[in-house]
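Open the model in your viewer and keep the selection tool ready. We will start with the whole chain and then pick out pairs of side chains.

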Amino acid sequence: MTDSSATARPDRRAELAAGLAQVRARIADACADAGRDRADVTMIAVTKTYPASDVLALAGLGVTDVGENRDQEAAGKAAEVAAAGVSPRWHFIGQLQRNKARSVVRYADVVHSVDSVRLARALATASADRERPLAALVQVSIDGDPARGGALPDSADPGVGLEAVAEELAGSPTLRLAGLMAVAPLGWAPERAFARLAEVAEAFRLVHPGATALSAGMSGDLEIAIQYGATHVRVGSALLGMRPTLR
């Protein structure tokens with residue numbers, strides 16, 4: 001994570017304001033084109049590698065939802081933001097190891113990347129001391145490649161099958177099954193990926209009607225994701241600029 005200070009520089013705040021205005025316009029246009037209510041789509045600002053000062057600046061511009069991919073960065077950043085008296089809704093969106101569950105549930109309001117029964121159980125145990133249940137989304141493997149992460153929609157595997165993971169979340173008193181998340185696989189056109197996800201989501205909601213969240217789409221394909229029903233889009237570079245290479 002880059003160095004941060006309590007507040008962003010005025011020029012940085014102006015950059016963020018410009019990026020935010022453009023992204024908000026794209027989302028509004030996409031909703032209009034899809035015949036959807038703009039209020040039904042939440043933008044998550046993905047701030048990985050960016051400092052807490054950017055999160056504070058975005059919060060000052062009206063951003064309420066912030067996403068992070070790595071616990072070792074997110075935990076400290078969330079604490080710094082909280083110390084400044086700001087309380088965005090934190091979304092953990094990266095692949096999560098079970099041994100990080102206890103740390104993540106201390107600051108995250110939503111975990112998007114639950115892809116196994118074992119991870120669901122680890123989060124359930126770690127969430128026992130929370131004041132309210134942790135919202136959790138099942139990450140779906142669109143291409144069926146387990147190496148990429150994601151539960152398998154058409155599998156009866158008791159460990160990584162989509163329904164098995166969903167039932168584990170739904171049956172926990174410390175978790176709340178909120179919906180599904182997916183990333184378009186490498187080599188797939190976004191239209192193909194999100195059309196497949198929409199099919200999975202439609203069938204999923206017949207079994208879990210309260211799990212309506214659909215986290216899909218990023219800076220380059222958010223319009224297509226919204227066309228296919230995304231309720232949450234995860235925006236990084238279009239909002240904050242191109243990030244430095246992770247080491």
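Show the surface first. The accessible surface of the protein comes to about 11,400 Å² (Shrake-Rupley method, 1.4 Å probe). Carbon and sulfur atoms hold 51% of that area. This is a predicted model: local features need pLDDT of at least 70, side-chain atom pairs need 80 or more, and totals for chains, interfaces and linings use all residues. Residues are numbered from 1 along each chain as its sequence is written, and side-chain values use heavy atoms, without hydrogens or water.

Switch to cartoon. You will find 9 helices and 8 strands. These are DSSP runs (helices: H or I, at least four residues; strands: E, at least two), numbered from the N terminus.

Now select Arg9 and Asp11. They form a salt bridge (a side-chain nitrogen of Lys or Arg within 4 Å of a carboxyl oxygen of Asp or Glu). Their closest N and O atoms are 3.0 Å apart.

Next, select Arg12 and Glu15. Their salt bridge is 3.1 Å, N to O. About one helical turn separates them, because they sit 3 residues apart in helix 1 (residues 10-34). Which of them is buried (under 20% relative accessible area; exposed is over 50%, partly exposed in between; 1.4 Å probe, protein chains only)? Arg12 is, at 11%. Glu15 is partly exposed, at 43%.

Move on to Glu223 and Arg26. This salt bridge has its closest N and O atoms 2.7 Å apart. The pair links distant parts of the chain: Glu223 lies in helix 8 (residues 222-227) and Arg26 in helix 1, 197 residues apart.

Finally, select Glu68, Arg70, Glu73 and Lys77. Salt bridges with shared partners join them into one network.
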